[in-house]
Amino acid sequence: MIKRWLIRVQAKRWLTKMRAENVTYEQQRAFVAWCKKSKQHQDTYFAERDILLNSNSNKAPRLGHSLAFLSLVAFALTIWLVKTPNTSKIAPSLVYFSAEQSPVTLSDGSVIELKKATKIAVAYSQNERIIKLLEGDAWFDVASDANRPFRVEFNNKQVTALGTSFLINTLGVAKVVVTEHKVSVTNTQTKQMQQLAQGEGLILSNKHWLKMHASEINAALAWRDGKLIFNATPLGDAIKQLQPFVDYKISVVNQQHLNLKVTGNVNTQSPEFALSLLLESLNLKQMRNASNDLIIY
């Protein structure tokens with residue numbers, strides 16, 4: 001009984017430390033080591049965490065950063081406790097975030113805005129900061145740390161921040177846009193690397209990066225203001241960008257229609273209306289099937 005009480009006290013103390021905005025990497029490692037001692041340690045910690053989350057369910061705005069970081073540590077613990085095959089070393093930590101948690105504030109103060117349907121995995125260590133953009137679009141405001149490079153990996157590409165803010169789009173045609181300072185973009189397969197300065201962007205075309213025009217850069221950034229801008233955009237790419245904002249599947253009967261070009265601005269708060277206008281401009285029709293999916297023909 002005394003041991004159970006002591007573990008609960010320790011769990012509450014770790015909960016306080018892990019919620020602190022200035023929690024250090026060493027403290028996180030010590031916390032994981034404590035949890036690894038027994039399943040009772042882990043279960044008690046998560047039980048105390050759930051009690052805290054439930055008791056503060058009406059105070060989410062005030063606890064925003066603390067609870068977000070608490071969630072980060074909880075996920076990190078889940079991954080860190082998994083051993084790599086045929087070794088006693090702990091696997092690198094991967095912390096997963098989705099668009100519902102946006103904006104995400106990481107332990108170093110970096111902020112990531114996630115577009116609808118976007119998912120990332122975060123792997124922080126003493127030597128580097130790795131973000132895996134699993135799907136979707138994201139904007140990054142990177143905290144400076146000369147000793148730990150900040151890299152974003154997506155589709156065999158890698159973007160290294162050089163004290164900067166930048167955006168990466170993977171829905172539709174891949175794009176990289178720098179909004180502050182500069183980044184380096186590397187193809188991890190060919191090892192080719194190029195730098196982008198503030199106000200510049202790259203768009204992927206036939207496996208090659210091309211410099212973006214000002215209008216293309218504005219369109220790539222528009223989702224942060226609740227808009228989607230299409231300028232002679234293939235219908236297929238437009239649908240990929242619209243899909244996250246509706247709760248039904250959009251499909252096209254005639255695959256050749258995917259190459260039709262659409263132009264117009266879309267308010268992401270009313271995507272159905274905007275989609276209807278886009279289809280009308282192409283003389284295409286729409287219908288719903290038995291599953292309420294949208295069929296374009």
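Analyst: Contact means heavy atoms within 4.5 Å. Keep that in mind. This is a predicted model, in which local features need pLDDT of at least 70 and side-chain atom pairs count only at pLDDT 80 or more, while totals for chains, interfaces and linings use all residues. Residues are numbered from 1 along each chain as its sequence is written, and side-chain values use heavy atoms, with hydrogens and water left out.

User: Which residues is F140 in contact with, leaving aside neighbours within four places in sequence?

Analyst: They are V111, I112, I131, F150, V152, T164, S165, F166 and I168.

User: What makes F140 buried?

Analyst: Its relative accessible area is 0%. Buried means under 20%, exposed means over 50%, and partly exposed lies in between, using a 1.4 Å probe and protein chains only. F140 therefore counts as buried. Across the chain of 297 residues, 43% are buried.

User: Which residues have the most contacts inside the largest nonpolar core?

Analyst: I131, F140 and F166 do, in a core of 30 residues. A nonpolar core is a set of buried Ala, Val, Leu, Ile, Met, Phe, Trp, Tyr and Cys residues joined through side-chain atoms within 4.5 Å. There is also a second, separate core of 29 residues. F245, L275, L282 and I296 are among its members.

User: Why is the aromatic pair of W14 and W34 called tilted?

Analyst: Start with the rule. Rings of Phe, Tyr and Trp (its six-membered ring) pair if their centres lie within 6.5 Å; planes under 30 degrees apart are stacked, over 60 edge-to-face, and the rest tilted. By this rule there are three aromatic pairs. W14 and W34 lie 6.5 Å apart, centre to centre, with 45° between the planes. That angle falls in the remaining class, so the pair is tilted.

User: What parts does the pair of W14 and W34 tie together?

Analyst: W14 lies in helix α1 (residues 2-19) and W34 in helix α2 (residues 25-36), so the pair joins parts that are 20 residues apart in sequence. Helices (H or I, at least four residues) and strands (E, at least two) are DSSP runs, numbered from the N terminus. The chain has seven helices and 19 strands.

User: How do you know whether W14 and W34 are buried or exposed?

Analyst: Check the cut-off again. W14 has a relative accessible area of 13%, so W14 is buried. W34 comes to 6%, so W34 is buried as well.

User: What makes the angle class of the F140 and F150 pair?

Analyst: The angle between the planes is 65°, and the centres are 6.2 Å apart. The pair is therefore edge-to-face. F140 sits in strand β6 (residues 137-141) and F150 in strand β7 (residues 150-154), 10 residues apart. F150 has a relative accessible area of 1%, so F150 is buried. F140, F150 and F166 form one aromatic cluster.

User: Why is R224 said to sit over the ring of W139?

Analyst: A charge sits over a ring if NZ of Lys or CZ of Arg is within 6 Å of the ring centre and within 35 degrees of the ring normal. The charged end of R224 is 3.7 Å from the centre of the W139 ring. R288 likewise lies over the face of Y248, at 4.0 Å from the ring centre.

User: How do you know where the buried residues of α5 fall?

Analyst: In helix α5 (residues 214-221), I217, A219 and A220 are buried. Seen down the axis, the buried residues fall within an arc of 160°, so they line one face of the helix. The arc is that of the directions from the helix axis to the C-beta atoms. Their cover includes β9 (165-169), β10 (175-180), β13 (201-205) and β15 (227-234).

User: Which residues does G226 touch beyond four places in sequence?

Analyst: G226 touches V266, N267 and T268. G226 lies in the loop between α5 and β15. G226 and T268 are 42 residues apart in sequence, yet 5.4 Å apart in space, C-alpha to C-alpha.
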